[in-house]
Amino acid sequence: NDPRFRANFDAMHPQLAEARALVEAASGRAQQAGAFPNPEAIVGAQQLPLDSNASNQREYVAGITQPIPLGGRLGKAREAELLEREVRARGLEVTHRNLRKRVHSAFATALYQEQAFLAQSRIAQGFEKAVATTKARVDAGDAVPEDLARVEMELARAKVELQRSATMREHSLVALASAIGNVGLSVKSLAGSLDATFEIPTLESLTASLSEQPEIQLASASIRASNARIDLAKVERIPDVKVEALYHRLEATKENTIDIGLSIPLPLFNRNQGRIREARADAAAAEARARTTQNELNLQLRESHAQLASALAASRALKNEILPRADTVLKAAEVRYDAGDISLSEVLPVRRNWAMMQLTYLESLRDVMEAWAQVRPFSASN
C-alpha cells in the first residue's frame, strides 16, 4: 500500500507500459476515425492534338473533388473507436489488478522463505547446542559415542536444510523482483509480518460488489464496442458521395467555364452484409464472454473465500493449540534428557516434531496471505 511503491510499480512494469500504449493507440484511432476526408486536386488537359495541322480543340481542367460521408458514418466510426479505447482502458485495469495479485503472492512467498530460513537457523543452532551437550556427556561418561554421532547427524541434516532454505529464499526474492517488473532489481530486505490479523468479509458482501470488478467492466465495455461496430457496419452500406467543382478552359473559343459534378456509387453488389454479419457475431461472442466472465469470477470468489477461511482456521489452530503444546513437550523432554531420565533416541523425535510444527505454522501463514491476495481485490474497500 506504499504510494511510492505503487508509483514505481506502475512506471516500471513492462506489461503495464504495453497496456498503456494500447490505450494510447486506441485514442489515436478514435481521433483519426472522426476526421473528415481530404479533398482531391484535379489537373488535366483534354483533346491534345497529335497532328500539328489539327484544329485547336484543347481543353484544360483544374479543380477539386470532395468526398462527403453520409449517414453519420464519421460519428459512428469515432464512437466505435472510443468504445474500443474504453475496452483497452478496462483491460489496463484488469492487467494492473492481476499483476498486483501476483506481487502480493510473490511477497507472501518471499516473506515465508525469509521466516523459514530464520526458523531453520534456530533449528540448526539448537542441534549445535545439543552436540555440545552430548559431547560433554560423552566426555563425562554419561553418554555413549553413538549418541554423539546421532546428534551430529541431525546437525548435518539441519545444515543441509538451512542451505536449501537459503537458496529458496534467494529464488523467492528474484521471483518477487520479476513480479514487480524488473528481474534485475535487488531486493535487500522485506518489511512485513506473516502473522497479521485478518477479518474475513462476508461472502454476501463480496458477491454484491462483483459487478464492480474490472473483469466485468471489461466484458461490458466489449459488448458496447461490439454493438457500436454493428451500427457502424450498417451506416457503411451508404457509400460516400463525391462532389466535383472544376475550372474548364476552352482554347478554341478562349472561354472559361465551371463544371459541377456529383458522383454517387450504386450499392448493387456490395451492401456490406458480410461486415454486418461479422459484427453481429462478434457482439454475440462478447455477450457470451461476459456470461463466462461472470461465472468464472463468481467461482473464483467462492473458492478464494473458502481457501482463506480454511487457511485462517488452520493457522489459528496451530498458533493457539498446537505450537504451545509442542513447546511444552520439547521443554519437558530437554529437561529430562539433561537430567539423564530419557535417552537421546527419545528426545530427537520430539525435536524434529517441534521443528516441523514451526515450519508448518509458517506455511499456514503463507497460505493465509496468498488466499487474502486472491480475496482482497473483491473487497469494496480495495
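Analyst: This is a predicted model. A salt bridge is counted where a side-chain nitrogen of Lys or Arg comes within 4 Å of a carboxyl oxygen of Asp or Glu. By this rule the count here comes to 17 salt bridges.

User: Which parts of the chain does the pair R29 and E81 link?

Analyst: The side chains of R29 and E81 meet in a salt bridge, at 3.7 Å from N to O. R29 belongs to helix α2 (residues 14–33) and E81 to helix α3 (residues 73–140), so the pair links distant parts of the chain, 52 residues apart.

User: What can be said of E215 and R97?

Analyst: Their side chains meet in a salt bridge at 2.9 Å, N to O. E215 lies in helix α6 (residues 214–235) and R97 in helix α3, so this pair ties together parts that are 118 residues apart in sequence. E215 is buried, with a relative accessible area of 13%, and R97 is buried as well, at 9%.

User: Where do E114 and R169 lie?

Analyst: E114 is in helix α3 and R169 in helix α4 (residues 145–180), 55 residues apart. The salt bridge between their side chains has an N to O distance of 3.8 Å. E114 counts as partly exposed at 24% relative accessibility, while R169 counts as buried at 18%.

User: How many positive and negative side chains does the protein chain have?

Analyst: There are 48 positive and 48 negative side chains, and the centres of the two sets lie 2 Å apart.

User: How many helices and strands does the protein chain contain, and in what order do they run?

Analyst: The protein chain has eight helices and four strands. From the N terminus on, the order is α-α-β-β-α-α-α-α-β-β-α-α. The radius of gyration is 38 Å, well over the 21 Å that the globule rule gives for 382 residues, so the chain is more spread out than a compact globule. Along its principal axes, the C-alpha trace spans about 140 × 50 × 35 Å.

User: What share of the residues counts as buried?

Analyst: Of the 382 residues, 36% count as buried.

Note on methods. Residues are numbered from 1 along each chain as its sequence is written. This is a predicted model: local features need pLDDT of at least 70, side-chain atom pairs count only at pLDDT 80 or more; totals for chains, interfaces and linings use all residues. Side-chain values use heavy atoms; hydrogens and water are left out. Helices (H or I, at least four residues) and strands (E, at least two) are DSSP runs, numbered from the N terminus. The radius of gyration is taken over C-alpha atoms; the globule rule is 2.2 Å times the number of residues to the power 0.38. Buried means under 20% relative accessible area, exposed over 50%, partly exposed in between (1.4 Å probe, protein chains only). Lys and Arg count as positive and Asp and Glu as negative; His and the chain ends are not counted. The place of a charge is taken as NZ of Lys, CZ of Arg, CG of Asp or CD of Glu.
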